[in-house]
Amino acid sequence: MRKVIIIGSGVAGPATALALKKAGIASEIYEAYPGPGDAVGAFMGITPNGQDVLRTLGLYDTVLADGYETKGFHFTNSFGKSFGTVPANTITIKRGLLTKSLREAAEAAGIPIRWGKRLKDVQIMPEGGIAAYFEDGSSTVGDVVLACDGIHSAVRRSAFPNAEQPRFTGLVSCSSYSKVTLPVTKDHAEMVFGKNAFFSYIIKPTGEAFWFVNFDIKQDPGRDGLRDKNDAWWHAQLKELFADDQPFISEIIEASNQPIVGYPIYDLATLQQWQNGPVCLLGDAAHAPSPSAGQGASLALEDAVVVAKCLRDIDDPSAALQKFVSIRRERAERAVMQSRRNGSRKTPHGFLGRIIRDALLPIFLKQGGDATKWMYDYRIKWDEKVNTDARD
Ligand SMILES: Cc1cc2nc3c(=O)[nH]c(=O)nc-3n(C[C@H](O)[C@H](O)[C@H](O)COP(=O)(O)OP(=O)(O)OC[C@H]3O[C@@H](n4cnc5c(N)ncnc54)[C@H](O)[C@@H]3O)c2cc1C
């Protein structure tokens with residue numbers, strides 16, 4: 001293997017480059033943005049399965065230092081009635097800090113990152129190898145292209161033009177950070193099923209609150225449809241949504257000290273194809289769960305290590321990538337479906353919907369650790385050779 005071309009420097013991109021380096025395989029990252037942004041953006045949770053990958057890459061301590069550790073998720077309803085707790089050791093971290101740690105580690109390992117390279121097209125070459133073409137007119141050639149360019153992947157569009165499209169979940173997410181004098185949230189992230197919307201928050205001992213809201217809307221506003229909404233617009237929406245809930249929710253939202261960032265939530269569950277010869281989709285480009293199971297980044301990290309192991313242990317790149325897909329597909333699709341189910345419970349319609357949800361939730365939550373074990377307990381043994389005989 002002479003060169004692996006990685007498209008995208010989000011989570012999967014630099015993590016894959018680092019895992020490949022560990023496997024002795026050279027790669028280069030091509031990122032659309034003109035330079036490292038590391039904008040704080042939304043925050044996310046890294047669960048034990050993702051944390052284990054960070055350990056493999058030697059980045060666990062760095063990420064933990066930038067994050068905030070909680071032991072699970074505590075669920076309540078609009079009146080503060082507790083439904084129960086799902087245990088999950090989670091590092092909550094601002095997305096920009098996670099991608100910064102991964103990117104800086106890749107740079108320190110000598111992996112080149114080419115900025116301002118927005119991929120337009122990939123072409124498998126008849127004589128072997130694959131070419132990547134960028135919007136600035138430049139191109140590069142390698143043995144393999146790994147698409148780490150996110151849910152709206154340009155590689156997927158080019159290599160699999162008939163692929164299924166991301167699906168709008170019916171939910172909008174918005175999040176920000178506030179400074180409050182409310183009690184600290186101890187060990188758990190709090191998840192509140194409000195009357196009209198879902199609210200999640202943690203309050204650190206410093207008084208800094210991380211919060212997000214999910215609510216449903218009838219029509220997909222489109223990928224960029226909420227970009228122009230300012231804080232005043234968001235505050236007005238959220239005030240109305242939480243008017244009938246406990247006042248502390250609006251208190252936290254009103255105290256926001258950073259712009260409120262909102263997105264329509266899409267997911268991508270099942271693609272016919274992740275791979276064709278030397279081109280393969282990874283992370284959100286291949287399988288994008290909505291944030292409702294908190295698994296997107298952790299799955300992307302898992303992909304990074306598994307693809308590197310396959311390319312390390314199987315000489316033929318196409319066979320190695322086929323193996324990668326056979327190892328990863330079932331788990332990733334299951335996580336997307338789990339996340340879809342979690343999302344559908346967040347904002348049930350009408351009084352009756354809420355009654356049914358409130359009756360069933362404690363039963364789901366009682367299963368707690370058992371129901372989520374398959375997600376959180378997954379471990380990838382770096383030193384174990386990939387099984388080349390049987391399908392996984
Ligand atoms: C609001 C929100 C909350 C979330 N919360 C969680 C959570 O709690 N836990 C969790 O695990 N996950 C969470 N996720 C999901 C998580 O962010 C993604 O699953 C994860 O970032 C996927 O990583 P990725 O590298 O595949 O894609 P991305 O992180 O999206 O990175 C893609 C990269 O490719 C670049 N790119 C795009 N197009 C091109 C192109 N044409 N050419 C070159 N480069 C390109 C982009 O600029 C970007 O840098 C959340 C997502 C959102 C939106």
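A: Asn276 has its bridge partner in S17, namely Val279. Residues carry numbers from 1 along each chain, in the order in which its sequence is written. The model is predicted: local features need pLDDT of at least 70, side-chain atom pairs count only at pLDDT 80 or more, and totals for chains, interfaces and linings use all residues. Helices (H or I, at least four residues) and strands (E, at least two) are DSSP runs, numbered from the N terminus.

S16 runs antiparallel to strand S17 (residues 279-281), and 2 bridges link them. Two strands count as paired if DSSP finds at least two bridges between them. This pair belongs to an open sheet of 6 strands with mixed pairing, in the order S6-S2-S1-S10-S17-S16. Strand S6 (113-114) and strand S16 (275-276) are its edge strands, each pairing on one side only.

Axes are lines fitted to C-alpha atoms, for helices over the stretch in contact, and angles run from 0 to 180 degrees between N-to-C directions. Residues are in contact if their C-beta atoms, placed from the backbone, lie within 7 Å.

H1 also packs with helix H4 (residues 95-108): the two axes come within 9 Å and cross at roughly 35 degrees. This crossing of H1 and H4 is left-handed, a term for a near helix turned anticlockwise from the far one by less than a right angle, with right-handed used if clockwise. On the H1 side the contact is made by Pro14, Ala15, Ala17 and Leu18, and on the H4 side by Leu102, Arg103, Ala105 and Ala106. By class, the contact of H1 with H4 holds 7 nonpolar residues, no polar ones and 1 charged. Here Ala, Val, Leu, Ile, Met, Phe, Trp, Tyr, Cys and Pro count as nonpolar, Asp, Glu, Lys and Arg as charged, and the others, Gly among them, as polar.

A second open sheet has 8 strands with mixed pairing, in the order S3-S5-S4-S12-S13-S14-S11-S15. S3 and strand S15 (261-267) stand at its edges with a single partner strand each, so one side of each has no neighbour in the sheet. On average, and with direction ignored, neighbouring strands of this sheet are turned by 30 degrees against each other. H4 packs on this sheet, where it touches S3 and strand S5 (82-94), and its direction makes about 45 degrees with that of S5. Within the sheet, strand S11 (residues 167-179) pairs with strand S14 (residues 208-216) in the antiparallel sense over 9 bridges. Ser173 stands opposite Asn214 in S14.

The ligand comes next. Among the 33 residues around the ligand, Gly8, Gly10, Gly150, Gly283 and Gly296 come nearest. A residue is near a molecule or strand if its C-beta atom, placed from the backbone, lies within 6 Å of it. H8 gives the largest share of this shell, 4 residues. By class, the shell around the ligand has 16 nonpolar, 12 polar and 5 charged residues.

H8 has two helix partners to consider. Helix H2 (residues 48-56) packs with helix H8 (residues 296-313) at an angle of about 40 degrees, their axes 8 Å apart. H2 and H8 are therefore oblique to each other. Angles under 35 degrees count as roughly parallel, over 145 as roughly antiparallel, 65 to 115 as roughly perpendicular and the rest as oblique. The crossing of H2 and H8 is left-handed. Asn49, Gly50, Val53, Leu54 and Thr56 of H2 meet Ala297, Ser298, Leu301, Glu302, Ala304 and Val305 of H8. The residues of this contact of H2 with H8 are 6 nonpolar, 4 polar and 1 charged.

The other partner is helix H9 (residues 317-344), which packs with H8 at an angle of about 155 degrees, the axes being 9 Å apart. That makes H8 roughly antiparallel to H9. H8 and H9 cross in the right-handed sense. From H8, Leu299, Asp303, Val306, Val307, Cys310 and Leu311 take part, meeting Pro317, Ala320, Leu321, Lys323, Phe324, Ile327, Arg328, Ala332 and Ala335 of H9. The contact of H8 with H9 has 12 nonpolar residues, no polar ones and 3 charged.

Notes:
Contact = placed C-beta atoms within 7 Å.
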